[in-house]
Amino acid sequence: MLKKRNYRKKKNCWRQDIRKGEYLTGCLGAVGAAGLTALLFYRSTVAALVLLLPVGGTFLYVWEKEKLRRKEREFTRQFLDALQSVSAALNVGYSLENSLLEAGKEMRIMYREQDRILKEWNYMIRQMKMNIGVERILEEFSERIDQEDVRNFVTVTATVKKSGGNMARVIRQTISQIQEKEELNQEIETVISAQKMEFLVMAVIPFGMIAYMMLSFPEFMEVLYQGVPGRAVMTGCLVLYLAAFGTGFRMIQIEV
């Protein structure tokens, strides 16, 4: 089912993976967006400070939301690799606990220490060495990540472990479901990539038009930068632009 993503619950987890340098880049972009908007809409440095909250905040919100989406997609691919390692270990006769340990060895080869999957896997391994039950370990893992794929994996794993079912077969089915979901997500990305590009172009065009008018017809634009009526018109245009930008951004935030 297609749905719009909600990062309210899991944004804290993915936020931890956004480095300080990345946040600095986002903040600089927000300041730049506020400054450019103030220059083109008000031709005022004072307005840049006033617009830092609405315009800069909107830019930072959009930037962060896109970062969170990418971090979650990246983790899904990492988690899929981890499950494939667990499945391979189960197929050769390892127990679930030992399969998690074996998967951890492969994760250390495939990923860096700062990658989310390796952080979580190392933490789970430390818990196992403290003789904490695997059911509790996986449940806490699901609570920390709070992602649908992880929740499904933990739920079916706990059920099979209690009922004594075929763990290897269940893990393979889980892998297949995640792969199908990722393939569908990729197809959706391909379909809406053109719309995303159109959205970005349309978002830039108003700024380009105002800049062109300022350079080509400065006398005509002068009335919009002086007096209450002119500034009111530009403010109204800015409000409409932000509303249209927000609507367009929400329309392209569609995943499986």
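**Salt bridges, burial and cores**

Q: Why is the pair R19 and E22 called a salt bridge?
A: The model is predicted, and in it a side-chain nitrogen of R19 lies 3.8 Å from an oxygen of E22. The cut-off is 4 Å between a Lys or Arg nitrogen and an Asp or Glu carboxyl oxygen, so the pair counts.

Q: What makes E22 buried or exposed?
A: E22 has a relative accessibility of 13%. Buried means under 20%, so E22 is buried.

Q: How do you know that D149 and K181 form a salt bridge, and which helices does the pair tie together?
A: Their N to O distance is 3.5 Å, and the limit is 4 Å, so the pair qualifies. D149 belongs to helix α7 (residues 148-163) and K181 to helix α8 (residues 167-216), so the bridge ties together parts 32 residues apart in sequence. Both D149 and K181 are buried.

Q: What makes R15 and E64 a salt bridge, and why does the pair tie together parts that are apart in sequence?
A: The N to O distance between the side chains is 2.8 Å, and the cut-off is 4 Å, so this is a salt bridge. R15 lies in helix α1 (residues 11-15) and E64 in helix α3 (residues 45-91), so the pair links parts 49 residues apart in sequence.

Q: How do you know that the span of helix α5 is close to what is expected?
A: Helix α5 (residues 116-129) has 14 residues and reaches 20 Å from its first C-alpha to its last. The expected value at 1.5 Å a residue is also 20 Å. After α5 comes N131, which has a positive phi near 65 degrees.

Q: Why is α5 called largely enclosed?
A: Of its 14 residues, 10 are buried, so the rest of the structure largely encloses α5. Among the buried residues are R116, I117, W121 and M128.

Q: What makes I117 one of the residues with the most contacts inside the largest nonpolar core?
A: The core has 39 residues, and I117 is listed with F75, F79, L100, W121 and L138 as having the most contacts inside it. Leaving out residues up to four places away in sequence, I117 touches F75, Q78, F79, A82, M107 and Y111. Another core, of 23 residues, lies apart from it and includes I210, Y225, M234 and Y241.

Q: How do you know that the span annotated "coiled-coil region" is helical in this model?
A: The annotation comes from an unreviewed UniProt entry and covers residues 171-198. In the model this span is 100% helix and 0% strand, with its end C-alpha atoms 40 Å apart.

Q: What is the helix content of the span annotated "domain: Type II secretion system protein GspF"?
A: The unreviewed UniProt entry places this annotation on residues 83-214. That span is 86% helix and 0% strand, and its end C-alpha atoms lie 57 Å apart.

Key
Residues are numbered from 1 along each chain as its sequence is written. This is a predicted model: local features need pLDDT of at least 70, side-chain atom pairs count only at pLDDT 80 or more; totals for chains, interfaces and linings use all residues. Side-chain values use heavy atoms; hydrogens and water are left out. Helices (H or I, at least four residues) and strands (E, at least two) are DSSP runs, numbered from the N terminus. Buried means under 20% relative accessible area, exposed over 50%, partly exposed in between (1.4 Å probe, protein chains only). UniProt positions are given in the numbering used here, feature names are shortened, and annotations may be inferred rather than shown by experiment. The expected span of a helix is 1.5 Å times one less than its number of residues. A nonpolar core is a set of buried Ala, Val, Leu, Ile, Met, Phe, Trp, Tyr and Cys residues joined through side-chain atoms within 4.5 Å. Contact means heavy atoms within 4.5 Å.
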